[in-house]
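Please read these points with the model open beside you. They begin with one residue, then widen to its surroundings and to the confidence of the prediction.

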Amino acid sequence: MKKILLVVFSVFSWGILSFSPMVSSQTNTQPPRVAIPDFVELVEKASPAVVNIRTTERLSNQQAQGSAPGIPDEQAEFFRRFFGVPLPGAPNTPRGQGNRRGQPEEIERGVGSGFIIDSNGIVMTNAHVVEGATTIYVTLTDKREFKAKLLGADKRTDLAVLKIDATGLPKLPLGDSSKVKVGEWVVAIGSPFGLENTVTAGIVSAKSRDTGDYLPFIQTDVAVNPGNSGGPLLNTAGQVIGINSQIFSRSGGYMGISFAIPIDEAIRVADQLRTTGRLVRGRIGVAIGEINKEVAESLGLGKPRGAFVRNVEPGAPAAKGGIEAGDVILSFNGRDINKSTDLPRIVGETKPGTSATVKVWRKGATRDLTVVVADAEPDKAVARKSEAPASQAGTANKSLGISVTELTEAKNKELGGKGGVEITNVGDGAAARAGLRVGDVIVRIGDADITGIKQFESVTKALDPSKAVPIFVRRGDATIVVPIRPAQK
């Protein structure tokens with residue numbers, strides 16, 4: 001009996017020993033388990049430093065009269081209280097703030113969020129949250145409410161800094177937005193629809209997202225709604241990596257994509273707002289456009305990169321430094337320009353008075369120019385000039401399928417006296433398909449500047465029909481580049 005037991009045990013042991021490596025091998029091939037983050041402790045620590053912001057403005061007696069036409073006061077108050085917005089045509093007036101003594105009436109403008117960055121009462125939020133407000137109220141999680149002073153706001157970066165009269169306040173630690181990775185967990189805390197201390201979570205879905213604004217955004221799938229604006233976007237360490245600012249929406253509510261201002265950019269702006277009340281921003285005076293693959297290849301750039309100069313403001317730093325319409329700016333002060341939106345950000349960060357080296361691509365080669373950066377001025381509207389009438393006569397050009405005429409003396413002077421030919425007719429060939437229009441002025445073809453019709457004809461006759469050639473065109477106040485493949489001779 002003992003022998004049998006021993007044999008059985010030996011076989012059993014051998015089976016285990018010989019099988020266990022197989023189990024181990026299978027286990028190692030399985031993907032590692034990833035724990036779902038627990039945000040409880042993070043939220044408990046961060047929430048006291050997140051504030052609710054509401055703004056009011058004062059209406060004149062004439063503005064404040066009456067409710068919405070045909071809507072009883074009780075119903076108007078019901079919709080205001082439960083939906084947070086006034087009815088069309090009705091001022092959003094809180095109870096108890098009626099105009100009983102003939103004084104201007106105070107109405108609620110909106111709600112938003114913010115967070116404390118300094119224990120002495122410095123609060124950060126979005127500029128659009130406080131824009132146009134007569135009074136700004138900041139409410140803490142302990143229900144204390146303060147009237148806030150606006151230290152400064154900048155519309156282009158959508159950032160504002162407030163000061164409340166309090167000390168010893170909890171503040172949020174700041175992270176490094178340059179180290180944010182796509183796919184990492186993030187948390188938003190704010191007041192969507194006026195609901196204080198609401199927490200939502202998600203992941204970073206993209207970085208350096210361009211939305212046409214001055215700053216690149218962190219894109220997330222965190223639920224952000226009206227009222228979340230100005231609140232913090234936190235990493236799993238509880239550090240602020242962004243400020244919730246925008247949503248992509250066709251309905252006005254959250255649709256799966258939200259955008260946050262990177263905290264590194266925000267603090268740079270906030271430091272200036274706290275010190276001077278305004279943001280000092282550099283400018284060089286150029287209008288720019290994006291370069292696509294087709295244009296890049298026709299210019300000899302290889303891949304799309306840089307910022308195409310559509311127009312240079314007369315007398316601006318760029319003009320004084322030798323930058324011309326049609327140039328492609330490849331780098332500014334040693335920093336590469338990968339896409340056109342990089343340029344205004346880099347120039348804006350440059351201190352006015354700085355002598356910057358600008359590398360441009362012109363006529364198939366790079367050139368280094370020097371530009372002295374100026375202080376930014378408010379954007380000026382550019383007047384649009386009318387196009388030439390389609391009935392104007394001109395000389396036909398078979399290579400490009402267009403008719404052109406010499407510039408009038410006035411037109412040539414308007415364009416800086418550099419010459420060119422004006423398009424008077426566009427057929428249905430390559431030029432039309434490329435988007436050329438009547439009234440456009442061709443100023444350059446490839447590397448050849450156009451001075452008049454004779455030279456224009458000479459240049460177009462020498463074009464290779466197997467290759468697309470870049471045509472530089474003045475349209476209104478801008479220069480555009482259009483790649484066209486000439487017709488077969």
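1. Ala188 sits in strand β7. Helices (H or I, at least four residues) and strands (E, at least two) are DSSP runs, numbered from the N terminus. The model is a predicted one: local features need pLDDT of at least 70, side-chain atom pairs count only at pLDDT 80 or more, and totals for chains, interfaces and linings use all residues. Residues are numbered from 1 along each chain as its sequence is written, and side-chain values use heavy atoms, with hydrogens and water left out.

2. Is Ala188 buried or exposed? Ala188 is buried, because its relative accessible area is 0%. The cut-offs are under 20% for buried, over 50% for exposed and partly exposed in between (1.4 Å probe, protein chains only).

3. Which residues touch Ala188, leaving aside neighbours within four places in sequence? They are Thr198, Val199, Thr200, Val222, Pro232, Leu233 and Asn244. Contact here means heavy atoms within 4.5 Å. Val222 is 34 residues from Ala188 in sequence, yet the C-alpha to C-alpha separation is 6.9 Å.

4. Across the strand pairing, Ala188 stands opposite Leu233 in β10. Strand β7 covers residues 185-190 and strand β10 covers 232-234; they pair in the antiparallel sense over 2 bridges. Two strands count as paired if DSSP finds at least two bridges between them.

5. The buried residues of α6 are Ile263, Glu265, Ala266, Val269, Ala270 and Leu273. They are on the same side of α6, because they cover an arc of only 145 degrees around the axis. That arc is taken from the directions from the helix axis to the C-beta atoms. After α6 comes Gly277, with a positive phi near 85 degrees.

6. Now confidence. pLDDT is the predictor's confidence in each residue, from 0 to 100. The protein chain has a mean of 80, and 77% of its residues reach 70 or more. Over residues 1-26 the pLDDT stays under 50, and the model has 0 contacts there beyond four places in sequence. Residues 378-393 are also below 50. That stretch has 18 contacts in the model beyond near neighbours in sequence.
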